[in-house]
Every structure is written in structure tokens, then in C-alpha cells.
Amino acid sequence: MREFLTGNYAAAYGVKLSRVEVVSAYPITPQTSVIEKISEFVEKGELKAKLIRVESEHSAMAAVIGAAFSGARAYTATSAQGLLYMYEMIWWAAGSRLPVVAGIVTRAIAPPWSIWTDHSDFMTLRDAGWAMLFASSAQEVLDMTIQAFKLAKELMLPVAVGWDAFITSHTAEPVEVPPQEQVDYFLGEKKKSPAAVDFENPFAHGALAFPKDYPKFREDIHRTLKAAGEVYSNIERRYYEATGRERYGLVEEVFCEDADAVMFIMGAAAGDAIHAAGELRRKGLHVGVARIRSIRPFPRNEVEKIARRASKVIVFDRSYSLGFGGVLATEVRSVLHEEGVDTPVISVTGGLGGSDLSPEYFEKIFLKGLGV
Amino acid sequence: MVELPVARPSVGAAGKTGNWRLFKPSIDYRKCIKCLLCWMYCPDGVISLSGKGLPVIDYEYCKGCGICAEECPVKAIEMVKEVEG
Amino acid sequence: MSLLEQFPREEYLLKGNAACAGCGPALALRYVLKALGPRTVLVIPASCSSIIAGAYPKSAFKVPVYHIAFAASAATASGLVEGLEAQGIEANVVVWAGDGGTVDIGLQGLSGAAERNHNVTYICYDNEAYMNTGIQRSGATPYGAWTTTTPLGNKGRKKDLPFIMAAHNIPYVATASPAFPKDLVNKVAKAQKIRGFKYIHILAPCPTGWRYDPRLTVKIARLAVMTGFWPLLEIEHGRLRLNNPSTNLLDPARRRPLKEYLELQGRYRHLSEEDLKVLQRQIDEQWARIKAMLRVQEELEDQVEQGQGERQR
């Protein structure tokens, strides 16, 4: 069924189709319409979920953690300050190996106040043990939200699905909404997680661990996330088999095969970059765009392969590691160094706090990258 | 297999806590009136009841706090200094 | 009812745990778990009980436990109980939190969970300071008490959480003491029969932090009640009621001298006569307030009854 949906409504449809049992959230612009739509589904009886209207984001994440510990399928969504406020609980969800799913409608961090997009909030999840997917269209928000529940279950780790404030969150576009049976088939029977409460064989979850025991839990999360690329690819394949929706992989490649300069980019701005690349190709310049769809697992193999073919790599970041540089660029450089790829990497950071990005802007970056 | 930080119910989760003791409660069963107050007020649950309803202390885990001696209404429990051994 | 009927022999707080000798919270928890039974899941924020539990891979609790961050217990319990209900699983969802996790860092989450009226029992074991980190002052530390962050005695006044919780109009609020185990067990059992958010506040003496011989835990807990420092009461569906032996303590003459309670504890050793008067005054005010509340409550009930009678005519 084709619906005209914003990214936020698409997320709510994804939650409904995934038959989520507990939703807990606190309102923040631009996330609000995700939760408003879910509230509507719940109050109309279209989604049989418990909706916990908490008094803070810290509690929102704590509540979905509690719900996941009960064995229920749980969802929350937030942005910027909200994500920072729940940060302590973000780590708790991962450390507990609980399959929480969170929508992150990316927004710049204050001060100064800004409600517009950049990826600084999303990138703070990088070290916390979460799988991190990023959508660039309403359709992708819906598909990724459903996929996230399966990924969370298989990894026994929380999964974040990010999308840009307003550009994706509030712009309506035609979205193919899969029928309920297809999603039911894809997600399969709910099985009891070994991390969930057990009254017959009780255990204490998260007790003190001495130095001899602590490292193995972190190492296991690290190993799991590092190897999660294949898990996600399989999930995407099964989703394709169930619904017929497109498959992109961890990185969507556009004009990359023969490109001299390739730009790595994440989120809605990839659309402008692709437009720019198209324009330049018409002028005979060989440029391509590699749209990153997953930060954790980091698409090491894809990045290496794409960069090896190119003579120049441009990494466009919509966030800073302040005092160091672009986050994505740092990770791309690290992979290339480890794999012995010596393609030069140019790091460009822009679009902070919703500042305007356009095809012309990206054309200039490409030209600079090509040294034209 | 996922490494889960889950801990299972066990007696002695902090080891043989009887080793912490400086004074040892000693029950004079001739005085005991089986009121069970020592059993009730023991924070460590180390006092069990024999078939005859008499309190029996598990010295492997008794930390020697002395609440039982303090609360015994007939002073049937005495705290005796542990001898080094 | 015989003692053994009321206090099952089954121990759910297992021996050999890491509680200090003579730990008041451990004693209270032992009663609480006997009252709750095995179909119970505890949510425990950072507190002494995170340590009492022992270390991985062993747990001193015979019931399921979820250890959670300091400020998060009430919200975690909210999600846990709603998740269980969504799946049709019945169980007692109980928060077991210290005073710091309750009256300070956890208060916002607690207030939210209470206002939403989840079917949760929240129990605060109050040892009147951050004992687990080494006896630092909390919002529950009484006036005058020494702690490592109030070396000259606390200038603040103990936050009155039971009444703050009552102001949330939750169905059940109670105070309790490990020196009165029957009362404590009755209150925990009663709370399980009431649907909605229940709050129980237990004053639980700490030999380490209060600076006394561990054998005196029960004696000191008893004196806290008998001197009127810690009234035993419950507020059921908004109706305040004193419980024995506090019922008799509305009359100041029936209260034991406060000094008897204070002089056993090293944390009050430096207390001046002036400080003692301040603390005594706070206690007298507390009782005057309770007395006034009971009176107003009766008047209101009379008025409501009269109004109903008049409407019927």
C-alpha cells in the first residue's frame, strides 16, 4: 500500500507494523510527530502497545530498558538534548544486551539553541555499543525501523535508526507500506531472550563484576558489532524476500565504479551530493557518491573497496569531534590506513545546525577534490 | 554464545562471611525459650530452626553482629571473643 | 497468626552476602522478600544493595534482580511492569532503593512513575546518607548528623519523602522499621494487594555510617520509633493512620526522650544542647502536623458525610 508519509510518520508505521509492545518517550522537536502518530495508533487500538508518557528522556530510555528486560518489544525516539539526557541509559541498554530500538531524529546540540539537523547527537552513540543505521528518506526510515527490531534481536544489542530533522522528518513523500503479514513473516515468532527476566531460574542482571570478569562483556559487544555487517546484510536480504523492497547494503554506491573522486556522505544531504555528481558527470568529470547507511557496524570492506578504486576520497561530515575533525573522516582514514590503502582523503565538515547544503555546494567540493 | 552479565543466586556470594567475625554468638540452650526473636532479627538469615524449634547458628556465614544477643529477651546468647586459629 | 506463618522460613536474601555486620537495610530486605515471595522482580539502583548482592557470577538474591543506574529505578520499573502486563505475565515489580537514589537523584523519575500510577511497589531503605560511597550527606540526612561531607553536623533538614509521595495521590504510602517486622511485613503484603503505585519508606539504621556497635541495630531502630523521630504510619487512598506503637505517641509525654536515641550513635556525639533543641523542635513540629492532619481529615470526612446526607434529603 502506498501512503504519503513524512519520515516521522514512516517511523510510526514501522513501529506499528513491528507490533511493538511498549513505547516510552518524551517530546522534543523534531521527534514529536513520531510519538504523536504512535499515540494515535495506540488510542485507536490499531497498535496494542503500552505507551508510557515519561517525565524525561532519561526515564524514557530507562522505561524501554525495563520493558525489554520484561521480554517485551520496546521503542523510543528522541533528538539532540533528549539523546544527551538519556546517554547514561544508552550505555545501560547495550551493557545489558537488551534489544531496544530508538529513532534518532538528528538535531544540532545547544547552545546556541537550534532545532535543525546535524549529526552531532547521533554520532555520540558511536562508542556506546549500539548498532547505528542512518536513513535518508521516509521509505528508508520505515524499512530500517522494521529491520532494526530483527537486528536488535539477533545481535542482542540496541539499535538506533537516525534520520535528519525536517528534511527527512517533516517532508512527506510516497512510501510503500508493506502489508502486516509480510512484516510478521519477516520478524518471525518472538522468542524469549536469555537477557530477559526469568522467574523459574532467577538471575541478577548487571551485578558488580570484578576486573577479571568485566572485560569479557565489553569484548563480546565489540566482537558482535564488528561482525554485524553480515548480520545486517542477511536481514536486508530476508526483508527483500518478504516485502520486495530495495536492498542497498551498508553503503549505497552511486556512480562509484569508475569514479576518480568519491564522496562518502550520510543522511538526506546525500541527495544533493548525488545531484551534484550527476551534473559534473554531464560535464565529463568522473565523480561518485557512497552513501553510508551504517556507522556501527562500520562498513569497513565497502569503504576499503570503494576507496581503493578511486584516486581521491572526500568525506563529508555533518558533525565534528570538536578539536579534532570530522568523525566519519577519522573513521574512513583509520580503515584505509589499516588496510594499506593510500588514496588521499579530504575531510569536509558542513551543514551544521541545519545550515544550507545544495547541489552547487557539493559541486564546489567535488571540483576542489579533483583539483580542478 | 553471548556473554551476559547475569549472576545466579548463591549462598556465600561474598564468600565465607563467618571469617569476618570478631565475636561469636553462643546460645545457652538451657535458657532458650524458643521465642524465635533471634531468628527473626538476624539480618543475615544465618539462624535456622532445628526440629525441636531451637535456633541453630550457621557459623560459616554468621558475621557476629550480636543483634541476636542484644535482642534475646532471656539473655541466652552470649558474644564470645573468637580465638585466633 | 503464628510467627512462622507470617514469616516464612524460606530465605530470599541468601546468607554470605556482602552486607556489613548488623546491616539494617539487609534486615529490612530479608523481611520484604519474605513478604513478597518468589514471584517478585527487584529493581535496584546504585546503592549499598548493589554491593550486598555480591559479585558476578553470584547473586545473594533468590529472586530476579535488575541492577540499574542511580536515577533510573522508578522509570525502569515502569517499563518492566508495563512490559510484563503487555505479555500477560503476573509478578510483583518492586524497587528497592536507598535514600540517595530516592529523595535525591531518583526523585524526578519516582515522581513521574507515581503520577502515572504504575502497578509498582517502591521501597526506600533510608540509612540517612550515601553509605555505599562512604557516608556522605543526602537529602535524607537529619539535622545535626555527622557525615563525611558535614563534618560539623548537617545544617539541612531531613526531606519528608513519605508526605511528598502522599501528595501524588497514590493509593498507598507507608513508613516502617525493621524493629517492627510484623508491621513491616503487613505493609508490604498489603501493598501487593493494592493496584497502582505504592511507596514504603523504611528507616534502616546503618552501624557503619551511624557509628554504633552493630549489635544495637534493632534497638536503635526501635528507639527511632519510640522517641517519635520516626512515626509508623500509612496513608491509604489519602487517609492517614498511625500504626502501633506510634498511635500512642501523639501525646509528647508518651515519647521516650530523644537523647536515648541520639546518644547511642557516634554521628550525634558532637551535638550541642542547642542542636538537640532544634532537632527536638523538628520532631515536635512533625507530630503537631500529623495531629492537625488527623483532625482536618476527620472534619473533612464529617463535612462530606453531612453534604451527602443533605443532598439525599
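A polar contact is taken here as a pair of N or O atoms within 3.5 Å, where, within protein, one atom must be able to donate a hydrogen and the other to accept it, and where residues adjacent in sequence count only if both atoms are side-chain atoms. The structure is a predicted model, in which local features need pLDDT of at least 70 and side-chain atom pairs count only at pLDDT 80 or more, while totals for chains, interfaces and linings use all residues. Residues are numbered from 1 along each chain as its sequence is written, chains are lettered from A in the order in which they are written, and side-chain values use heavy atoms, with hydrogens and water left out.

Across the interface of chain C and chain B, 17 residue pairs are in polar contact, both residues being at pLDDT 80 or more. On the side of chain C that touches chain B, at least two residues each come from helix H1 (3-6), helix H2 (24-36), strand S2 (58-59) and helix H10 (217-226), these elements being DSSP runs (helices H or I, at least four residues; strands E, at least two) numbered from the N terminus. H2(C) gives the most to this side, with five residues.

Between them, chain C and chain B bury about 3000 Å², 58% of it on carbon and sulfur atoms, buried area being the accessible area (1.4 Å probe) lost on putting the two parts together, summed over both. In chain C, the most area is lost to chain B by C:Lys15, C:Gly16 and C:Arg215, which together account for 24% of what that side buries. C:Lys15 also forms a salt bridge (a side-chain nitrogen of Lys or Arg within 4 Å of a carboxyl oxygen of Asp or Glu) with B:Asp58, the closest N and O atoms being 2.7 Å apart.
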